[in-house]
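Here is a friendly walk through one protein chain, meant to be read with the structure open beside it.

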Amino acid sequence: MSISGMYRVRDRTWMMSALCRLLLLLAFMLPVLPGLIGGAVAEETVTVRQFDPATGRWVRRERTLSFKAPWGDAAVKPAVVPYSENLPAGSIVIDTGERRLYHLRGDGTAVRYGIGVGREGFAWRGRERITRKAKWPDWRPPAEMIRREANQGRILPTLVEGGPENPLGARALYLGSTLFRIHGTNQPWTIGQAVSSGCIRMTNDDVITLYNNVKIGALVVVR
């Protein structure tokens, strides 16, 4: 065999070896990718409180909920993007102007999510840490919010139990000792808008993924 032929054989062998390694890597990553950038949970069973007209009583029943993010705008779909920031891995950066949340991975990239932010007069900036995480959290509107809404002719309940009708959605991440949270929503069409009272909204699908990947004590920077 000529020298050029030997090089061609060696090159083909190297290419086949590289292709095999790539296929093995993809086979390993495919089950992980949905949990990394969204779609980690297709459906979930939650216990909700419902009124039974047959007995005239409130009862607790299980409901299976499906999560399908309204990704009409491809820019809102979760994605791993280049992101350099001098912050610890696992930190969260919220860009309220861009209406995006970045969960830093510690390797020069971050998972980017679309969010809803505080409306005019309710936006805020600062640094906090995740102090608590909750699944299907109850919602207790602050007294100030109850008074404010009452002045507008809207009566808020003092308690909304966790479930699909709850404005906090499937998960909540509590920020320091503030009343602000990163949470899901039962109004996914508001993602990308400035409509909240200062909390950061995500689709239920996205907030479940973030909840599963963020730790208590993680730094949250809101800009």
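Predicted model: local features only at pLDDT ≥ 70, side-chain atom pairs only at ≥ 80, totals over all residues.

How do the residues of the lining of the largest cavity divide into nonpolar, polar and charged? They come to five nonpolar, three polar and no charged.

Residues are numbered from 1 along each chain as its sequence is written, and side-chain values use heavy atoms, with hydrogens and water left out.

## Cavity and pocket

Both kinds of space are found on a 1 Å grid over the protein atoms alone: a cavity is a set of points where a 1.4 Å probe fits but cannot get out, and a pocket is an open set with protein on both sides within 12 Å along at least five of seven lines. Lining residues have an atom within 4 Å of a point. Grid points are joined across faces, edges and corners, and a volume is the space filled by probe spheres set on the points.

There is one cavity of 30 Å³ or more. The residues that line the largest cavity are Thr 96, Val 117, Gly 118, Ala 123, Trp 124, Gly 198, Ile 200 and Val 222.

| Space | Volume | Lining by type |
|---|---|---|
| Largest cavity | about 30 Å³ | five nonpolar, three polar, no charged |
| Largest pocket | about 640 Å³ | 11 nonpolar, eight polar, seven charged |

The largest pocket has 26 lining residues, and nearest its centre lie Trp 139, Met 145, Arg 148, Ser 196 and Ser 197. Helix 3 supplies the largest share of this lining, four residues. Strand 10 (181-183) and strand 11 (194-196), like helix 3, each supply at least two.

## The chain as a whole

The chain has four helices and 13 strands; these are DSSP runs numbered from the N terminus, with helices being H or I of at least four residues and strands E of at least two. Of its 223 residues, 37% count as buried, where buried means under 20% relative accessible area, exposed over 50%, and partly exposed in between (1.4 Å probe, protein chains only). Contact means heavy atoms within 4.5 Å. Among contacts between residues at least 6 apart in sequence, 61% join residues at least 24 apart.

In soluble globular proteins, nonpolar side chains tend to be buried together. A nonpolar core here is a set of buried Ala, Val, Leu, Ile, Met, Phe, Trp, Tyr and Cys residues joined through side-chain atoms within 4.5 Å. The largest one has 21 residues, and those with the most contacts inside it are Ile 92, Ile 94, Leu 101, Ile 182, Met 202, Leu 210 and Val 220. Two or more residues come from each of strand 4 (92-95), strand 6 (109-114), strand 9 (171-175), helix 4 (204-213) and strand 13 (219-222). Helix 4 gives the most, with three residues. A second, separate core of nine residues includes Val 81, Tyr 83, Leu 219 and Val 221.

Helix 4 is mostly covered, with eight of its 10 residues buried. Leu 210 belongs to this helix and is buried at a relative accessible area of 0%. Beyond residues up to four places away in sequence, Leu 210 touches Ile 92, Leu 101, His 103, Tyr 113, Leu 173, Ile 182 and Met 202. Leu 173 is 37 residues from Leu 210 in sequence, yet their C-alpha atoms are 9.2 Å apart.

## Loops worth a look

Most residues other than glycine have a negative phi, and most peptide bonds are trans. Which way do Arg 99 and Trp 136 go? Phi of Arg 99 is positive, near 60 degrees, and phi of Trp 136 is positive too, near 40 degrees. Arg 99 sits in the loop between strand 4 and strand 5 (100-104) and is partly exposed, at 28% relative accessible area. Trp 136 lies in the loop between strand 8 (126-135) and helix 3 (143-151), and counts as buried at 12%.

Trp 136 is also one of the contacts of Gly 169, along with Pro 137, Gly 184, Thr 185 and Asn 204, leaving aside neighbours within four places in sequence. Gly 169 is in the loop between helix 3 and strand 9 and is buried, with a relative accessible area of 2%.

Note on methods
Nonpolar A, V, L, I, M, F, W, Y, C, P; charged D, E, K, R; others polar.
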